[in-house]
Amino acid sequence: MSPPPSLTPVQAGERIGQMVLRTQLHNLRLQAFVDEYETLAQEAARAHWSHEKYLATLTSREVDRRTHNQRQRRIKEARFPFRKELADFDFDAIPHLNQLRVLELARGRYLQQAEPVILLGAPGLGKTHLAIALGLAACREGHRTRFYTVTGLINDLQQAQNQQRLPHFIDQALRHKLIILDELGYIPFSTTGAQLLFQFCSALHERVAILITTNLPFGDWVQIFGDERLTTGLLDRITYRAHILEFVGDSYRFRQAQAATVHPASTADDARQANALSP
Ligand code: ADP
Ligand code: MG
């Protein structure tokens, strides 16, 4: 085996320079610079780019990467139970729902104004699907978002209170742009649970957008909150300037299953079409 060719002093100097550069870029957390500066420098030399163009291209790669990482982080921190996309939502299956209003919400202006959104209707009509899809849209715009089931939130609030860190919990919530509360009304809560939820929603009112999905018409909320005054107070806050979308119809899955039996279809799309054709 022949010994490795020794470097000339100039080559050795260049090698050290490269190592220092990599370390410094790394310390500055410019990971796209670290990964791409060499290949991009070769491309720049071939195409006779100006120094400014080289630097600008490298910088925009860094910005793109950070934006991408931030979106991924936002989605992870939101703790969605699963991914549901707007693109996979079949609006034809629920003609009562105003598609334009949903698409407008996905653009996220309500987030800037901290306006509440209420998705109201019977189970199986896609409320959770749309809540997650809107949450994902918010994350992709870089907004801090958090998904809770109402029961999960009440447990967390209760725990925070027991550990004397309720103010801290609420402060953390206030750092978000959107808080999703899924499934209000499925399980009645204790008096303390109702009070904590009321306190939480009051603190966020006009500061953080709250998106609630529920199967309960407003008139029935007192049944699960148990207290008339508290319910009126809560409704007052969360319906003020709210976007209320009503979901009317039969369960999407149930209809799909029915369509599959009546018109055995080979794909979900066929099933959807068959569904749309059935009276
Ligand atoms: P809800 O929260 O109203 O009870 P879900 O959002 O949980 O309903 O919907 C139940 C299932 O049916 C989910 O898998 C959801 O993705 C699907 N689904 C409901 N409505 C639609 C729709 N219009 N288009 C596509 N999938 C739908
Ligand atoms: Mg649901």
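A residue is counted as near a molecule when one of its heavy atoms lies within 4 Å of that molecule. The model described here is a predicted one.

## The shell around ligand 1

Ligand 1 is surrounded by 14 residues, the closest of which are Asp90, Gly124, Lys127, Thr128 and His129. Sorted by class, this shell comprises five nonpolar, four polar and five charged residues.

A polar atom in the side chain of Lys84 is placed 2.9 Å from an oxygen atom of ligand 1, while a polar backbone atom of Asp90 lies 2.7 Å from a nitrogen atom of ligand 1. From Leu125, a backbone N or O atom stands 3.1 Å from an oxygen atom of ligand 1. Considered alone, ligand 1 would expose 560 Å², and the protein buries 86% of that area.

Two elements, α6 (127–140) and α12 (252–262), each give two or more residues to the shell around ligand 1. Of the contributing elements, α6 gives the most, with three residues.

## Packing of α7 against α9

Two packed helices are described by the angle between their axes together with the distance between those axes. For helix α7 (residues 150–162) and helix α9 (residues 191–204), the axes come within 9 Å and cross at roughly 95°. Because angles of 65 to 115 degrees count as roughly perpendicular, α7 and α9 are therefore described as roughly perpendicular to each other.

On the α7 side, the contact is made by Val150, Leu153, Ile154, Leu157, Gln158 and Gln161, and on the α9 side by Thr192, Gly193, Leu196, Leu197 and Phe200. The residues of this contact between α7 and α9 divide into seven nonpolar and four polar, with no charged residue among them. An α-helix has 3.6 residues a turn, so residues three or four places apart point the same way.

## The two ends of α4

At the start of helix α4 (residues 99–106), a side-chain oxygen of Asn98 comes within 3.0 Å of the backbone nitrogen of Leu100. Just after α4, Gly108 adopts a positive phi of about 90°.

Terms used
Residues are numbered from 1 along each chain as its sequence is written. Chains are lettered from A and ligands numbered from 1 in the order in which they are written. This is a predicted model: local features need pLDDT of at least 70, side-chain atom pairs count only at pLDDT 80 or more; totals for chains, interfaces and linings use all residues. Side-chain values use heavy atoms; hydrogens and water are left out. A polar contact is a pair of N or O atoms within 3.5 Å; within protein, one must be able to donate a hydrogen and the other to accept it, and residues adjacent in sequence count only if both atoms are side-chain atoms. Accessible areas come from the Shrake-Rupley method with a 1.4 Å probe; for residues, only the protein chains shown count as cover. Helices (H or I, at least four residues) and strands (E, at least two) are DSSP runs, numbered from the N terminus. Ala, Val, Leu, Ile, Met, Phe, Trp, Tyr, Cys and Pro count as nonpolar, Asp, Glu, Lys and Arg as charged, and the others, Gly among them, as polar. Axes are lines fitted to C-alpha atoms, for helices over the stretch in contact, and angles run from 0 to 180 degrees between N-to-C directions. Angles under 35 degrees count as roughly parallel, over 145 as roughly antiparallel, 65 to 115 as roughly perpendicular and the rest as oblique. Contact means heavy atoms within 4.5 Å.
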